[in-house]
Structure formats: structure tokens, C-alpha cells
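Please prepare a briefing on the structure shown below, for a reader who works with computed models.

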Amino acid sequence: MKKQAGKKILAFTLSSVIMLTALTACSGQTPENSPSSTDRQGSQAASQNNAPKETVTLNFWHHYSAQSPENETLTKVLIPKFEEENPGYKINATSYEWAKLHDKILVSANAHTLPDVARLDIAWVPEFQKLNILVPVDQEMSDYSQYSGSLLENAMSTAKIGGNYYALALNTNTKILFYNKNALKEAGVPVPKTMEDFAAAAKKLSGKNSGGQQVWGCTEPALAGWNVLPYIWSMGGEITNSDYTKASGYLNGSKTVKAVRMLADLYKNKALTGFNSGDIPMTDGFGTGRYAMLLEGPWKISELKGAYPAFSYGTADVPAGEGGSHSVLGGEDIGMFSSANKEGAWKFMKFMTGEFAQEEMAKCGLIPVNKAALESATVKEASFAPFLDAIQSAKARPPVAKWTEIDNQLTTAVTAIVKDGADAQKTLDSLAPQVDEFLK
């Protein structure tokens with residue numbers, strides 16, 4: 001309930017006490033924490049003073065699917081809330097398919113028709129930064145340091161390039177171990193906690209089932225960075241040094257080589273598959289008992305619920321090795337372009353990464369990066385709750401402009417080692433200097 005303008009309260013009278021009590025009950029606040037009329041009027045005046053004199057439309061491009069719960073929440077809950085809290089600003093949100101958004105931004109950069117703000121795949125940030133179209137928000141936004149501390153540090157690392165931050169983390173995801181409870185129980189295999197346990201379990205769970213069909217202990221749908229990095233990192237290996245300037249000595253280091261050799265050994269022993277043409281799709285193979293274990297993201301929960309609702313499975317963190325337990329970090333960032341209305345764009349970026357918006361999107365299945373939202377009951381009771389611990393130790397793929405090219409070369413090399421029996425050390429020795437050139 002708001003006080004009427006010009007209303008005078010006569011002090012030390014019974015009527016004033018009664019009126020104050022009624023107002024307090026209506027607002028749900030105690031006299032101690034209830035803002036005064038002067039405070040509220042001052043806050044409203046400050047908001048009006050900060051509002052643009054004319055309505056400013058901020059263009060926001062994203063890849064929330066047009067028919068998705070995320071897009072419905074964006075358009076029906078979040079945008080109205082932002083516009084209410086920020087008079088003078090309107091949000092014009094446009095949905096594109098993932099690949100189309102990437103290409104649309106590239107074309108618009110050349111045509112000088114970029115939006116103010118966009119939801120960006122984390123892999124795009126280094127690419128767009130190299131084109132000099134993203135704003136270094138830590139340099140240009142005066143309250144960046146004050147605000148960025150509210151977001152997960154490892155998620156924010158996806159926006160850091162050359163010492164500056166070119167976006168804010170928006171949502172995140174990672175992968176954990178899914179395992180067939182009945183298969184492990186029948187084989188007398190405990191849930192693997194270490195990489196050595198994992199390799200041994202994968203071999204023991206492989207073989208022929210009662211129908212004479214081949215069963216594999218583990219599946220990976222590809223041999224790209226997203227797939228192999230959890231094994232490499234957890235076993236103590238790396239792709240580059242810490243500042244992403246050198247691959248030699250890291251990509252071909254002994255611990256990285258050991259991790260790739262483990263995958264090759266599992267494939268040779270028919271304990272790993274999924275990346276060959278014609279292999280059983282991951283969800284079907286897991287749900288029908290042909291694959292016993294896999295590393296996957298939170299989307300696998302809804303896929304299994306829809307396709308195999310009676311299937312009994314468990315989840316656990318990525319098995320730990322010499323380097324600890326490290327999964328790979330995925331997700332999106334939100335950034336503003338150099339042609340943006342920066343004041344409005346920054347307001348919207350902070351709103352979308354704020355506690356309210358993050359918790360609302362969590363209801364749609366997106367894992368927040370806002371630390372306060374991560375502590376909410378909504379998040380802790382969500383289907384993706386098993387992933388929350390893994391996110392804390394997950395690592396981002398190298399945030400370099402040439403990551404796509406590096407990843408392609410890495411995939412080719414690992415495929416040659418795992419499938420074709422190429423020597424792991426020699427193959428990675430050959431690849432490392434090529435990646436050095438990409439990093440330059």
C-alpha cells in the first residue's frame with residue numbers, strides 16, 4: 001500500500017499511531033524496516049531521474065527456442081519486470097536458432113546493424129572479441145567489480161580474454177557420470193570414484209548380454225574437446241598453459257597422453273563406443289542396457305524421463321584422477337556490442353544475471369550462475385541438482401578465438417589414436433606445435 005502524496009501525519013496522536021499500524025500491516029513490514037515516505041519518494045525520484053527522457057528500445061538477440069518455457073518466461077515474466085523497474089527502457093527480444101544467431105551476428109557486424117545485447121554461446125565470446133565488437137565491461141562499467149562478485153568465478157572465466165571481461169556469465173551446465181544401477185549391481189561393480197576404478201568398471205561391465213548382444217561399459221558420442229577434456233583434466237593433463245598461449249608441453253604432456261591412451265585401451269577392449277557411424281544413440285543405448293555408463297549433462301534427465309521412464313539409473317561426479325574431478329563447463333554468456341546503448345544494455349545484463357531472473361529461468365531447467373540464486377530452494381530441489389557440486393570444479397574450454405579450429409584438430413588426433421591405433425605420444429607431439437600457431 002502506498003501513502004498518498006501530501007498526506008500529513010500528526011505526531012504523538014492516537015490516530016497517527018492507528019494509521020501507522022494499519023499501513024505497516026498492509027505492507028507486511030515492521031516499523032523498524034519499513035521505508036519512510038521520504039525514502040520511497042526519493043527512490044522513485046532517483047529512478048525517474050535515471051530514466052531516459054525518451055523511451056529507449058534495447059534490441060536483445062537470443063537462442064531460447066521460440067516455443068520453449070525459457071522464451072515464455074523471458075517474454076511474459078522477465079521483460080515486463082525489467083521494464084517496470086526501469087521506466088524509459090523497452091526490450092525488443094528476437095529468437096534465432098543457435099547457428100543462425102552466430103551467423104546473424106557476423107553478418108550484422110559487417111553491416112553495422114548489431115543489437116544492443118545478445119545471449120552468446122561461451123565459445124563465441126573469444127571469436128567476437130577478436131572482431132572488436134564486444135564491450136570490455138570491466139573497463140567501461142563503473143560498478144563491474146561490485147557486481148561481478150555475485151556470479152560464479154569459473155563461469156565468469158568464459159568471458160575473460162587477455163585480462164578483460166567481455167560479457168557476464170548467464171547460465172551454465174556441465175556433465176556428470178550416469179550409471180545403470182542394475183548393471184553395476186549384477187556385475188558387483190561399485191560406483192567408480194577414481195579414473196582407475198572407472199576404466200576397470202567399464203571393462204568388467206562390457207561383453208555379451210543374455211540375448212547375445214554386445215554391451216559396452218561406457219559410451220561417448222564424439223571424441224571432441226567437450227567429450228575428452230573431463231578425462232584429460234581429471235587425470236592431471238592440460239591442453240594449454242594457464243594463459244592459453246602455449247600447447248607444447250601440455251597437449252603432448254605425459255598426463256594428457258595417459259588419459260588419451262586410457263580411452264584407446266577401452267575402445268580396443270570393446271568397453272567404449274558411441275562415436276562411430278551407425279552406433280546406437282546414447283539415450284537409447286543407455287535406456288535399453290547396451291551402455292552401462294556415460295558422462296552427460298542435465299538435459300539427459302529429461303530425455304530419459306520421456307523415453308525410458310522406468311529405467312533405473314544413478315548419478316555421480318566425474319571419477320577423480322591425479323588432477324582431481326573436473327568436468328567441462330558449458331553454457332551461455334550475455335554481452336553488449338560496441339554500438340549499444342551501454343547504460344541500458346548494462347542494466348539489462350545485470351537484471352538477467354540477477355537473483356530474480358536467474359531463479360525464474362531455473363524453473364525452466366537452466367542452471368544459474370548467480371550465487372544467491374544457487375542457494376534458493378527452487379534450485380536445490382530442481383532436477384539438475386545433482387550437477388551443482390560438479391559445476392563448482394568444472395573447467396571451461398580455452399577461451400581463445402581459434403578454439404573451433406583447435407577443437408577440430410584435437411578431434412582428428414584423438415580419433416586417430418582411439419579408433420585407428422595411432423601412437424598417442426607421436427600424434428600429440430605433432431599436434432602441439434600446430435596448436436601453438438593457432439594460439440598466436
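Helices (H or I, at least four residues) and strands (E, at least two) are DSSP runs, numbered from the N terminus. On that basis, Lys270 is found in the loop between helix H12 (254-268) and strand E10 (272-273). The model is a predicted one, in which local features need pLDDT of at least 70 and side-chain atom pairs count only at pLDDT 80 or more, while totals for chains, interfaces and linings use all residues. Residues are numbered from 1 along each chain as its sequence is written, and side-chain values use heavy atoms, with hydrogens and water left out.

**Overall picture**

- The secondary structure of the protein comes to 21 helices and 14 strands.
- The average pLDDT, which is the predictor's confidence in each residue, from 0 to 100, is 90 for the protein, and 89% of the residues score at least 70.
- Over residues 1-47 the pLDDT is below 50, and this stretch has 19 contacts in the model beyond near neighbours in sequence, where contact means heavy atoms within 4.5 Å.
- Of the 440 residues, 49% count as buried; buried means under 20% relative accessible area, exposed over 50%, and partly exposed in between (1.4 Å probe, protein chains only).
- Among contacts between residues at least 6 apart in sequence, 74% join residues at least 24 apart.

**Helix H4 and the residue after it**

- Helix H4 (residues 98-111) has 14 residues and reaches 20 Å from its first C-alpha to its last, close to the 20 Å expected at 1.5 Å a residue, the expected span being 1.5 Å times one less than the number of residues.
- The buried residues of H4 are Leu101, His102, Ile105, Ser108 and Ala109. They cover an arc of only 135° around the axis, which puts them on the same side of H4; the arc is that of the directions from the helix axis to the C-beta atoms.
- An α-helix has 3.6 residues a turn, so residues three or four places apart point the same way.
- The face of H4 turned away from its buried side carries the exposed residues Lys100, Val107 and Asn110, whereas the cover over its buried residues includes strand E1 (56-62), strand E3 (117-121) and helix H5 (124-130).
- H4 is followed by His112, which has its place in the loop between H4 and E3 and counts as exposed because its relative accessibility is 72%.

**Positive phi values**

- Most residues other than glycine have a negative phi, and most peptide bonds are trans.
- His112 has a positive phi near 60°, and Lys270 has a positive phi near 55°.
- Lys270 counts as exposed, at 54% relative accessibility.

- The 16 residues of H20 should span 22 Å at 1.5 Å a residue, and its end C-alpha atoms are 22 Å apart, which agrees.
- Buried in H20 are Trp403, Ile406, Asp407, Leu410, Ala413, Val414, Ile417 and Val418. Seen down the axis, these residues fall within an arc of 130°, so they line one face of the helix.
- The buried residues of H20 pack against helix H11 (225-234), H12 and helix H21 (424-439).
- Trp226 has its place in helix H11 and counts as buried, at 18% relative accessibility; its C-alpha atom is separated by 8.9 Å from that of Asp407, 181 residues apart along the chain.
- Not counting residues up to four places away in sequence, Trp226 touches Asn173, Lys175, Trp299, Val328, Leu329, Gly330 and Arg397.

**Leu78 in helix H3**

- Leu78 is found in helix H3 (residues 69-85) and counts as buried, at 0% relative accessibility.
- Leu78 and Met352 are 274 residues apart in sequence, yet 7.9 Å apart in space, C-alpha to C-alpha.
- Leaving aside neighbours within four places in sequence, the contacts of Leu78 include Phe351, Met352, Phe356 and Met361.

**Pocket and cavities**

- On a 1 Å grid over the protein atoms alone, a cavity is a set of points where a 1.4 Å probe fits but cannot get out, and a pocket is an open set with protein on both sides within 12 Å along at least five of seven lines; lining residues have an atom within 4 Å of a point.
- The largest pocket has a volume of about 750 Å³, a volume being the space filled by probe spheres set on the grid points, which are joined across faces, edges and corners.
- The largest pocket is lined by 36 residues, of which Asp121, Asn173, Trp299, Gly331 and Glu332 lie nearest its centre. Among the elements that give two or more residues to this lining are H4, H5 and H20.
- A search of the whole structure finds 3 cavities of 30 Å³ or more, and about 90 Å³ of space lies in the largest cavity.
- Residues lining the largest cavity include Ile122, Pro126, Arg397 and Trp403.
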